[in-house]
Amino acid sequence: MSRHPSVKWAQRSDKVFITVELPDAKNVKQKLEPEGKFSFSATAGADNVPYEVVLDLFDKIDVDESKSSITSRNICYLVKKAEDKWWSRLIKQEGKPPTFLKADWDKWVDEDEQDSTPAGADMDLGDIDFSQLNMGGGPGDFDADEPEEEDDSDTEEEIEEGKHEHSESQAATPATTEPEMKA
């Protein structure tokens, strides 16, 4: 019996991103059908455990314009939609989605934010020399490899203790106003 790998997804109006998280996948077989069927199977692990996912996507797709990329950590699909429109969900099945299917928040963009540029993307910081702003982070501010040098200066407590000890030692020796006489 096959297991289901973790699957993440996100969309834009013209495409869907599907990521199958399966490290060290072997014997990867993938199939996309124009009516919206997505099939994936592979083996993984030392015991070559079989994994399989079959999804009936929400709408039709353009198989020729879709792409995939297999890495050592996951298999990424960029699935081109047949029509440029937002889907209300990834799969046709209504109700609660399967437990292995999750939103990919790293790639997620809301429908009304798709055409807007990310915050700060239009800022030109090319003329600023950040090293001159005295905000730390310059050379010598923090070196994790070097041990901290000991600070030989006295703290306020040590200074107060020194005054106290000094006054005690003076109190132990009586003060005389008479000069000492030599015998």
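Two strands are taken to pair if DSSP finds at least two bridges between them, and the elements themselves are DSSP runs numbered from the N terminus, with helices (H or I) of at least four residues and strands (E) of at least two. The model is a predicted one, in which local features need pLDDT of at least 70 and side-chain atom pairs count only at pLDDT 80 or more, while totals for chains, interfaces and linings use all residues. Residues are numbered from 1 along each chain as its sequence is written, and side-chain values use heavy atoms, with hydrogens and water left out.

**Sheets**

The antiparallel pairing of β4 and β5 runs over eight bridges, and Leu 55 is the bridge partner of Phe 38 in β5.

**Nonpolar core**

A nonpolar core is a set of buried Ala, Val, Leu, Ile, Met, Phe, Trp, Tyr and Cys residues joined through side-chain atoms within 4.5 Å; buried means under 20% relative accessible area, exposed over 50%, and partly exposed in between, with a 1.4 Å probe and protein chains only. The largest such core has 25 residues, of which Ile 18, Leu 22, Phe 38, Phe 40, Leu 57 and Leu 90 touch the most other members. Two or more residues each are given to this core by β1 (6-11), β2 (15-21), β4 (37-44), β5 (49-56) and β7 (74-81), and the largest share, four residues, comes from β4.

Phe 38 is buried, at a relative accessible area of 0%. Leaving aside neighbours within four places in sequence, the contacts of Phe 38 (heavy atoms within 4.5 Å) include Ile 18, Val 20, Leu 57 and Tyr 77.

**Aromatic pairs**

Rings of Phe, Tyr and Trp (its six-membered ring) pair if their centres lie within 6.5 Å, and planes under 30 degrees apart count as stacked, over 60 as edge-to-face and the rest as tilted.

| Pair | Centre to centre | Angle between planes | Class |
|---|---|---|---|
| Trp 9 and Trp 108 | 5.3 Å | 80° | edge-to-face |
| Phe 38 and Tyr 77 | 4.9 Å | 90° | edge-to-face |

Because Trp 9 lies in strand β1 and Trp 108 in the loop between β8 (101-103) and α1 (156-172), their pair ties together parts that are 99 residues apart in sequence. Trp 9 is buried at 10% relative accessible area, whereas Trp 108 is partly exposed at 26%. Ring pairs also link Trp 9, Trp 105 and Trp 108 into a cluster. The other tabulated pair links Phe 38 in strand β4 with Tyr 77 in strand β7, 39 residues apart, and Tyr 77 is buried at 4% relative accessibility.
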